[in-house]
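I open this notebook to record what I looked up in the structure below. The entries follow the order in which I made them.

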Amino acid sequence: MIIVMKMGASKDQLETVVKKVEELGFKPHVIHGEERKVVAAVGHEKKKTDLYDLQLYDGVEAVVPISKPYKLASSEVKKGRTVIKLPNGVSIGGKKLCVMAGPCSVESEKQILETAWAVKKAGGHMLRGGAFKPRTSPYEFQGLEEAGLKLLAKAREETGLPVITEVLNQRDVELVEKYADILQVGARNVQNFSLLKELGQCKKPVFLKRGLSSTIKEWLLSAEYIITSGNPNVILCERGIRTFETATRNTLDLNAIPVLKKETHLPVIVDPSHGTGYWSYVIPMAMAGIAAGADGVMIEVHPKPEEALSDGGQSLTFSRFEELMGRLQALATVVERSL
Ligand code: PEP
Ligand code: MN
């Protein structure tokens with residue numbers, strides 16, 4: 001249920017509502033909208049009619065049910081869009097598009113620093129790179145772990161680019177949070193509910209990739225786990241789903257972008273690198289993602305893709321990344337965004 005406060009309702013009136021919501025056994029989440037405040041009361045569906053009495057309270061405009069199974073992630077609860085603010089003036093979800101780029105895996109100091117500078121020079125906003133890698137085979141490169149996190153932190157220190165990196169399990173959340181500006185949850189972990197709950201306690205934003213076979217509803221319910229556990233800063237990333245098609249690694253579901261824009265206020269990023277699996281399809285699908293309304297892109301870039309320890313075939317060289325940035329620049333004005 002959402003308790004919509006009147007425009008100009010006082011702090012005391014809001015506090016009384018919050019207390020009553022708690023007394024009735026629900027968890028109150030106060031959302032500060034552009035015009036007015038709302039209190040989302042989440043809890044057991046069966047008891048929700050008890051909340052209708054709040055209609056009689058001072059300062060309350062209306063009590064309305066939230067029809068979607070995801071509550072706090074839904075656009076029914078929050079009208080404006082969520083904009084996530086990061087260090088050095090970077091933000092995600094506003095008018096300005098966000099480009100996050102870097103290697104699939106952090107491999108060495110030279111590789112990550114060279115890439116960070118190339119991303120920065122081309123106009124990218126954030127550096128990506130995996131230190132903990134979720135690999136299909138246990139015999140493949142598993143990442144440099146904490147040493148990789150330290151290299152990412154060094155690259156941020158030198159270039160000023162905020163960094164995003166994956167956390168594979170609950171145990172490592174504190175460690176990754178120490179180094180990263182955004183914590184990524186990979187496609188394989190989208191329904192690791194204990195990890196999601198732990199990330200709810202985390203102060204940094206969470207980048208939630210879509211699972212290989214997640215429906216949009218399941219994906220948004222995973223986002224809901226993080227938000228209801230206390231962290232409202234969730235970014236969704238469409239990275240392709242598994243279909244019967246074998247010409248590409250995954251099928252980048254562009255439909256998901258307008259669907260998410262309707263269903264949720266959370267920012268949406270598109271990852272055409274994992275979405276296609278081939279570098280030559282990355283530029284067109286990055287453009288398509290932005291044209292469909294995404295708030296930014298995540299791109300794999302490597303100094304020598306042919307030597308990459310993971311995902312080299314879908315990684316752009318520095319010059320191809322520069323080409324992408326030039327093309328996104330032209331597209332940004334068409335879609336009334338900036339880069
Ligand atoms: C990655 O970003 O390198 C990655 C492993 O992504 P995904 O979880 O989408 O496969
Ligand atoms: Mn990868």
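**Entry 1: charges.** I counted 45 positive and 41 negative side chains in the chain, with Lys and Arg taken as positive, Asp and Glu as negative, and His and the chain ends not counted. The centres of the two sets lie 2 Å apart; I placed each charge at NZ of Lys, CZ of Arg, CG of Asp or CD of Glu.

**Entry 2: basis.** I note that this is a predicted model, in which local features need pLDDT of at least 70 and side-chain atom pairs count only at pLDDT 80 or more, while totals for chains, interfaces and linings use all residues. Residues are numbered from 1 along each chain as its sequence is written, chains are lettered from A and ligands numbered from 1 in the order in which they are written, and side-chain values use heavy atoms, with hydrogens and water left out.

**Entry 3: overall form.** I found ten helices and 14 strands in the chain; these are DSSP runs numbered from the N terminus, helices being H or I of at least four residues and strands E of at least two. The radius of gyration, taken over C-alpha atoms, is 21 Å, close to the 20 Å of the globule rule for 339 residues, so the chain is as compact as a globular protein of that length. That rule is 2.2 Å times the number of residues to the power 0.38. The C-alpha trace spans about 65 × 45 × 45 Å along its principal axes.

Entry 4: I recorded 55% of the 339 residues as buried, meaning under 20% relative accessible area with a 1.4 Å probe and protein chains only; exposed is over 50%, and partly exposed lies in between. Of the contacts (heavy atoms within 4.5 Å) between residues at least 6 apart in sequence, 68% join residues at least 24 apart.

**Entry 5: helix α7.** Which residues of α7 (256-263) are buried? I list A256, I257, L260 and E263. They cover an arc of only 135° around the axis, which puts them on the same side of α7; the arc is that of the directions from the helix axis to the C-beta atoms. These buried residues pack against α6 (216-228), β12 (234-238), β13 (268-270) and α9 (279-291).

**Entry 6: positive phi.** Most residues other than glycine have a negative phi. E145, not a glycine, has a positive phi of about 55°. E145 sits in the loop between β8 (126-128) and α3 (146-159) and is partly exposed, at 42% relative accessible area. E336 has a positive phi near 60°. E336 lies in the segment after α10 (318-334) and counts as exposed, at 61% relative accessibility.
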